[in-house]
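Keep the 3D view open as you read.

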Amino acid sequence: MAVLTKRGLDPADYLWLPVHPWQWDDTILPLFAADVAAGRIVPLGDGPDDFRAQQSIRTFSNVTSPSRHHVKLPLSVLNTLVWRGLPTERTVAAPAVTEWVLGLRDQDEFLSDEARPVLLGEVASVTVRHDLLESVPGVPYQYLELLGAIWRQPLTTEQLDADEHARTLAALLYVDPEGRSLVGELVSRSGLTSKEWLARLVHAMLPPLLHFLYRYGVVFSPHGENAIVVFDEHEVPTRLAVKDFVDDVNVSAAPLPELADMPAPVDTILLQEQPDFLCQFIHSGLFVGHFRYLVEVMDLSQDDFWSVVRAEILAYQRRFPELAERFALFDLLTDRIERLCLNRNRLLLDGYRDRPERPHAAVHGTVPNPLAR
Ligand SMILES: Nc1ncnc2c1ncn2[C@@H]1O[C@H](COP(=O)(O)OP(=O)(O)OP(=O)(O)O)[C@@H](O)[C@H]1O
Ligand SMILES: [Mg+2]
């Protein structure tokens with residue numbers, strides 16, 4: 001406020017948001033120079049807190065005060081499939097989407113009393129449009145998501161039980177330079193066999209994901225970077241935490257009564273996918289993208305590993321027989337699954353050229369589903 005007042009500007013006229021120093025130098029100054037010159041954007045200098053980049057590179061944990069919200073920024077880096085920006089409408093809708101998803105969980109007995117997934121809500125957001133670039137027909141999509149911020153709840157002890165702690169799902173693939181795997185160490189500390197420990201992992205992770213999918217037609221993208229595993233004091237997995245709702249929550253394009261009364265703007269913002277593609281989020285994100293590698297670092301055969309995963313899905317299905325139609329609609333046990341090939345997007349389809357729409361992951365051929373019998 002002192003900086004603004006000193007320049008003769010009224011603080012009440014401004015919205016406040018964090019910007020990454022690299023983003024400031026590389027995108028904001030070059031592309032918003034006129035706004036900076038006119039005082040419509042005013043740099044205030046460095047904030048007082050230190051931040052550490054998370055695995056997605058563009059979300060930051062507050063190291064100075066770890067209980068403060070994580071900050072997600074449109075760094076405009078091309079990472080994996082897409083330019084990592086914050087599209088205006090979806091970003092602005094983040095708090096509404098969060099409220100809707102938390103509402104589903106809180107009014108559902110199984111989710112709120114039993115599975116108890118931790119959902120790290122995106123509780124506040126802001127975006128700034130670039131008026132000139134937005135008026136250019138066919139402008140590459142990365143120019144429509146340049147400046148903004150999302151504030152996300154951190155995972156703190158408040159959301160965990162007294163004996164619980166958490167790690168990202170991705171951490172489970174870590175193998176140290178001596179060849180010792182983290183997961184091997186956790187299994188040995190738990191006192192369980194590898195198979196028992198895996199059964200506890202999938203029992204912590206799958207029921208909430210299956211329930212959101214089968215009961216509500218809603219999927220998260222539970223890959224290693226978005227999913228967090230909660231453990232008890234003996235390193236036994238107890239629960240699932242997930243983040244990244246607004247970018248990565250998708251709902252069924254097949255009409256379901258549970259989705260009929262989605263409030264605005266949630267209904268227009270969330271991406272809709274056909275049922276078989278909705279299954280891809282669990283198949284590709286979790287099974288192909290993570291479990292396929294987890295089996296390599298666990299002391300288990302492929303057959304043992306996948307039969308434990310299959311058994312957990314079947315146990316869920318026995319528990320909720322009234323959802324039988326949904327088990328067929330969202331068929332996780334299908335014989336073959338489509339192969340998503342992000343490399344094809346880069347090598348063959350999209351390359352590095354600019355395009356007006358965010359690309360969709362390329363589907364190419366199918367692979368046998370290890371969960372089918
Ligand atoms: N183990 C991992 N699994 C998946 N993605 C990973 C992993 N480690 C790093 N990444 C990176 O994390 C990002 C995952 O994409 P996703 O859309 O889930 O996240 P985001 O929206 O960019 O950020 P955030 O998850 O912080 O909200 C990609 O940029 C990917 O390259
Ligand atoms: Mg993510």
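Three strands, in the order E10-E13-E14, form an open sheet with mixed pairing; strands here are DSSP runs of E, at least two residues long, numbered from the N terminus, and two of them pair if DSSP finds at least two bridges between them. Strand E10 (218-219) and strand E14 (271-273) are at the edges with a single partner strand each, so one side of each has no neighbour in the sheet. E10 runs antiparallel to strand E13 (residues 250-252), and 2 bridges join them. Look for Val-218, which stands opposite Val-251 in E13.

This is a predicted model, in which local features need pLDDT of at least 70 and side-chain atom pairs pLDDT 80 or more, while totals for chains, interfaces and linings use all residues. Residues are numbered from 1 along each chain as its sequence is written, chains are lettered from A and ligands numbered from 1 in the order written, and side-chain values use heavy atoms, without hydrogens and water.

Now turn to ligand 1. Around it are 17 residues, the closest being Ser-56, Arg-58, Thr-59, Lys-72 and Thr-80 (a residue counts if one of its heavy atoms lies within 4 Å). Because domain 1 (2-152) and domain 2 (162-330) both give residues to this shell, ligand 1 lies between them; the bounds come from an automatic or database domain assignment.

Technical notes: Helix = DSSP H or I, 4+ residues; strand = E, 2+ residues; numbered from the N terminus.
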